[in-house]
Structures are given as C-alpha cells and as structure tokens.
Amino acid sequence: MNTRVVHTDETTYAGRPQASGPVTGRRVLQAAAVAATLPYLCLKGAWLAGSHIGIPDGSVLLGPGMFFKAANAVTLVMDAAVIVLVLVLTRPWGIRVPSWLLTVPVFVATGLLVPIVVAFPAQLLLGAVGLGPDAAAQAAKEPFLDPWVFNVVYTGFIVQAMALAGLFVPYARQRWGSRWQGVQGERLPSPTGVVAGAAALMAAAVAAMHLTWAFGGTAGLSASQIAQFNPQTGAVFATHGICVLVAGASAVNLALGGARQARWALAVAWTGSAAAAGWGLWLLISATGTTDPAKAVTTAMVLTYAGQMITGLLAAAVVVRFLASRRTG
C-alpha cells in the first residue's frame, strides 16, 4: 500500500470562503507587510530619480553604466510585488489565482528573505559584543551605503518575511493542506533519488567553501574580500553554507520517504531549496556587475555561487516531485 498518495482536487478549495485566520490578525499582518515595503520602495525610487540619499561619496553605486540603474529598477519591482502577494493572500479572489502564479513568487521571496532573517540579526549581535570589523577591515572597506540604510531596509525585509509567512501558511493550509497531511510515505522513484543525491553532493562541496570562508579561510576569495573579512561577513558565509546543506539534506529526506511528518519535511525542503537557489542566483548576478579588476570575483567564487544555485534548483525539483506524488495515484 502506498502511504504517500493523497488524492487532492484543488478545485474543491476554490469555492470555499478563505479562512486564513482571525480577521484582525490577518489585517495586522497585511498592514505590516505593506508598511515594511515603503522604506525600500522610497529609497529605490529616489535613487532612480537621481538622488544620492544614503550613498556615500566614492560608492560603486555612483559609478557609470546601466547595471546598477537596472538593478534598482528590478529590485523596486520585486519589492512592490510583495504588495501584490499580500492582496492575493488576503482577498477572496486570491484563492482562484493559478498555483504556479502564486507559488513561484512566494518561493523567490522565501529564498531571498530567509537568509536575511538569519544573518542580519547575527551580524547585529556580533557587532554588539565587539566582533565587528576591526580598524584594518574598516579601512579596506569600499564605500557602498550608509549604515542606516542597511538597518532600515533589512529590518523591513525581516518584517516582510514574518508577515508573509503568517499570511501564506494558513492560505496554503486551506488550499493545499491535504498535500502534506500524514507522513512522508514511500520512497520516490529512483530518478528523483538521483536528483536528490546530486543535490546533496553539490551541497556538501558548496557548503565546504562557504563554511571555510566563514571561519576565516582565504582559498578562492579575492584580495579585496580577504582584506575586508570580519566575523560579521563570516556570519553571512555561514548562513549560506547552512542553507545549502539544508537544501541537499532535505531533498534526500523527501526522496527517501518514511514515517516522518510530511509537513515539516516539506517546509524545511521548501525553505532550504529556495534560499540556496535564490541567493546563489543573486550572488551570480551581483558578480557580473563588477567591472574593476581589483574587485573582481574569483573563478572559485563564481563556481561556488553557481553550485549554490544549482543545488537549490535540484532540491526544488525534488519538492515538486514530492508534491506531485501526493496528488495522483
């Protein structure tokens, strides 16, 4: 008997009233998510209009070329999409939005926001106990943004992450809840196991690089990054390494099946794969914006970022196959 199979007819959910928690709590989360986008949207809009608010003299953001202008426009649209997601998750018509049109943006949002939720508080804590950059690292640091910009923007991102999670989980439970009821069930077909194994192997290699960098290793880093290293940047490397390991291990877990609760296995795999894929791609794109040879990323860094992205995509493929196996049979 296949204990994995769960028959779900998504259309049976479409006609139900949206029951995503108490109205008051939903409205608070909705307001918080929208309000948290405003600082970022205002800053990006100001920069696109030519303002230099929050950008110190000598910052690479003030350099010639279209890369950063295009990046500002794209990221402004991405943050504005959070408002659209909030509407989908809270309005009655949102339950009729095609699954892929909702889950893809939520997957991207999960991937970009979760590492910030982990790494930024860790950086603040390290700074509070005196483990921030020393004088040499400060002197080697290139001007980029004023410190207050990071505090305002990243705090907003953390609020967005918590509010979106609070809105998406009850929405997903109401619409697709039967997909993760019960235990994981039987092992997925062998091709999926091969994909999961590939994700795990690549995750181990990528995580080894990130964790080496997190603890002060210099192999594969550029000279500028070595000069600027401090415990706070190490926290970022460590976060990426952990996320990649979670992606690889959770993909194997889903492929193997078993008596573990499906909802927790799926939640961990979704989060890990999204974080690895999202930030791997983001770091790759950021690397292409470097034109100064002295600041160029190394081949090892590019390969690490590419491996990070591929690991996330492989793990995401396992997540998709797992969900598909619980709908048909």
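Contact means heavy atoms within 4.5 Å. This is a predicted model, where local features need pLDDT of at least 70 and side-chain atom pairs count only at pLDDT 80 or more, while totals for chains, interfaces and linings use all residues. Residues are numbered from 1 along each chain as its sequence is written, and side-chain values use heavy atoms, with hydrogens and water left out.

**Confidence**

- The pLDDT is the predictor's confidence in each residue, from 0 to 100.
- The protein chain has an average pLDDT of 88, and 89% of the residues score at least 70.
- Residues 1–21 have a pLDDT below 50. This stretch still has 57 contacts in the model beyond near neighbours in sequence.
- Where pLDDT is low, the predicted coordinates should not be read in detail.

**Overall fold**

- The protein chain holds 11 helices and 2 strands. Helices (H or I, at least four residues) and strands (E, at least two) are DSSP runs, numbered from the N terminus.
- Along the sequence, the pattern is α-α-α-α-α-α-β-α-α-α-β-α-α.
- Of the 329 residues in the protein chain, 42% are buried. Buried means under 20% relative accessible area, exposed over 50%, and partly exposed in between (1.4 Å probe, protein chains only).
- Take the contacts in the protein chain between residues at least 6 apart in sequence: 88% of them join residues at least 24 apart.

**Second largest pocket**

- The second largest pocket contains about 1,200 Å³ of space.
- A pocket is found on a 1 Å grid over the protein atoms alone: it is an open set of points where a 1.4 Å probe fits, with protein on both sides within 12 Å along at least five of seven lines. Lining residues have an atom within 4 Å of a point.
- Grid points are joined across faces, edges and corners, and the volume is the space filled by probe spheres set on the points.
- The lining has 38 residues, and the closest to the pocket centre are Val-106, Phe-168, Ala-172, Trp-180 and Trp-270.
- Elements giving two or more residues to this lining are helix 3 (67–90), helix 4 (99–128), helix 6 (147–176), helix 10 (262–288) and helix 11 (299–325).
- Helix 4 gives the largest share of the lining, 12 residues.
- By type, the lining has 29 nonpolar, 4 polar and 5 charged residues. Ala, Val, Leu, Ile, Met, Phe, Trp, Tyr, Cys and Pro count as nonpolar, Asp, Glu, Lys and Arg as charged, and the others, Gly among them, as polar.

**Aromatic pairs**

- The whole structure has 11 aromatic pairs.
- The ring centres of Phe-168 and Trp-176 are 6.5 Å apart and their planes are at 50 degrees, so this pair is tilted. Rings of Phe, Tyr and Trp (its six-membered ring) pair if their centres lie within 6.5 Å; planes under 30 degrees apart are stacked, over 60 edge-to-face, and the rest tilted.
- Phe-168 has 16% relative accessibility, so it counts as buried. Trp-176 has 8%, so it is buried too.
- Ring pairs also link Tyr-40, Phe-120, Phe-144, Phe-150, Tyr-154 and Phe-157 into a cluster.

- Phe-107 is in helix 4. Its relative accessible area is 18%, so it is buried.
- Leaving aside neighbours within four places in sequence, Phe-107 contacts Trp-270, Ser-273, Ala-274, Ala-277 and Ala-316. Phe-107 and Ala-316 are 209 residues apart in sequence, yet their C-alpha atoms are 9.4 Å apart.
- Met-301 is in helix 11. Its relative accessible area is 0%, so it is buried.
- Not counting residues up to four places away in sequence, Met-301 touches Trp-213, Gly-220, Leu-221, Ser-222 and Gln-225. Met-301 and Ser-222 are 79 residues apart along the chain, with C-alpha atoms separated by 8.5 Å.
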